[in-house]
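Thanks for coming. Please have the viewer open.

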Amino acid sequence: MNMFLKAKLKDYIEKGKYYLLNREFKKAIQCFTDAINIDELNSDLFYWRGNAYFNLEWYKKALEDYSCAIKLNNSCDTFYHDRGWIYYLLGNYDNAISDFN
């Protein structure tokens, strides 16, 4: 990745985190989507965008992003925990229990 793309990626991540903290979830989603377009193998980007979807109560989109994060990094307990909550909210209790364990 060239220096220009690295700088753009860092900018999108910083702005996305800022928007998440300030509850501007649609703006955060756009920033993380732009970042994913640069670095599609970064599990954190999918996780953070999933958090924005979660806060908007767009649970199916959050589930998709948490699942992508897990595919990219299956050793992060937080990813499973948060996906478990989505499964729980969607009434999929068996998958919720599996993720919580």
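Start with Asp65 and Arg49, whose side chains meet in a salt bridge at 2.5 Å, N to O. By salt bridge I mean a side-chain nitrogen of Lys or Arg within 4 Å of a carboxyl oxygen of Asp or Glu. This pair links distant parts of the chain: Asp65 sits in helix α4 (residues 59-72) and Arg49 in helix α3 (residues 43-55), 16 residues apart. Helices here are DSSP runs of H or I with at least four residues, strands are runs of E with at least two, and both are numbered from the N terminus.

Before going on, the ground rules. This is a predicted model, in which local features need pLDDT of at least 70 and side-chain atom pairs count only at pLDDT 80 or more, while totals for chains, interfaces and linings use all residues. Residues are numbered from 1 along each chain as its sequence is written, and side-chain values use heavy atoms, with hydrogens and water left out.

Back to the pair. Are Asp65 and Arg49 buried or exposed? Both are buried. The cut-offs are under 20% relative accessible area for buried, over 50% for exposed, and partly exposed in between, with a 1.4 Å probe and protein chains only. Arg49 counts as buried because its relative accessibility is 12%. Leaving aside neighbours within four places in sequence, Arg49 is in contact with Ile29, Phe32, Thr33, Ile36 and Asp65. Contact means heavy atoms within 4.5 Å.

How many salt bridges does a search of the whole structure find? It finds five. Among them is the one between Asp11 and Lys15, at 3.4 Å, N to O. Asp11 and Lys15 both lie in helix α1 (residues 3-21), four residues apart, about one turn of the helix. Asp11 is partly exposed, with a relative accessible area of 28%, and Lys15 is also partly exposed, at 39%. Lys27 counts as partly exposed at 44% relative accessibility, and Glu24 is partly exposed at 27%.

Now a charge without a partner. Asp82 lies in helix α5. Asp82 is buried yet has no salt bridge, and the nearest side chain of opposite charge, Arg83, is 10 Å away. For charge, Lys and Arg count as positive and Asp and Glu as negative; His and the chain ends are not counted. What does Asp82 touch, not counting residues up to four places away in sequence? Tyr47, Asn51 and Tyr66.

Next, the surface. Trp85, Tyr88, Leu89, Tyr93 and Phe100 make a nonpolar surface patch of about 510 Å². The elements that give two or more residues to the patch are α5 (77-89) and α6 (93-100), and α5 gives the most, with three residues. Patches are made of residues with over 30% relative accessible area and no salt bridge, with like charges joined within 9 Å and nonpolar side chains (Val, Leu, Ile, Met, Phe, Trp, Tyr) within 5 Å. Phe100 is placed in helix α6 and counts as partly exposed, at 37% relative accessibility. For the chain, the accessible surface comes to about 6400 Å², of which 50% belongs to carbon and sulfur atoms. Accessible areas come from the Shrake-Rupley method with a 1.4 Å probe, and for residues only the protein chains shown count as cover.

On to the overall picture. The chain has six helices and zero strands. The C-alpha trace spans about 45 × 25 × 15 Å along its principal axes. With 101 residues, a compact globule would have a radius of gyration near 13 Å, and the chain agrees with its 14 Å. That radius is taken over C-alpha atoms, and the globule rule is 2.2 Å times the number of residues to the power 0.38. Buried residues make up 41% of the 101. Of contacts between residues at least 6 apart in sequence, 40% join residues at least 24 apart.

Last, the backbone. Most residues other than glycine have a negative phi. Arg23, in the loop between α1 and α2 (25-38), has a positive phi near 60°. Arg23 counts as exposed, at 58% relative accessibility. Glu57 is not a glycine either, and its phi is positive at about 65°. Glu57 is in the loop between α3 and α4 and is exposed, with a relative accessible area of 55%.
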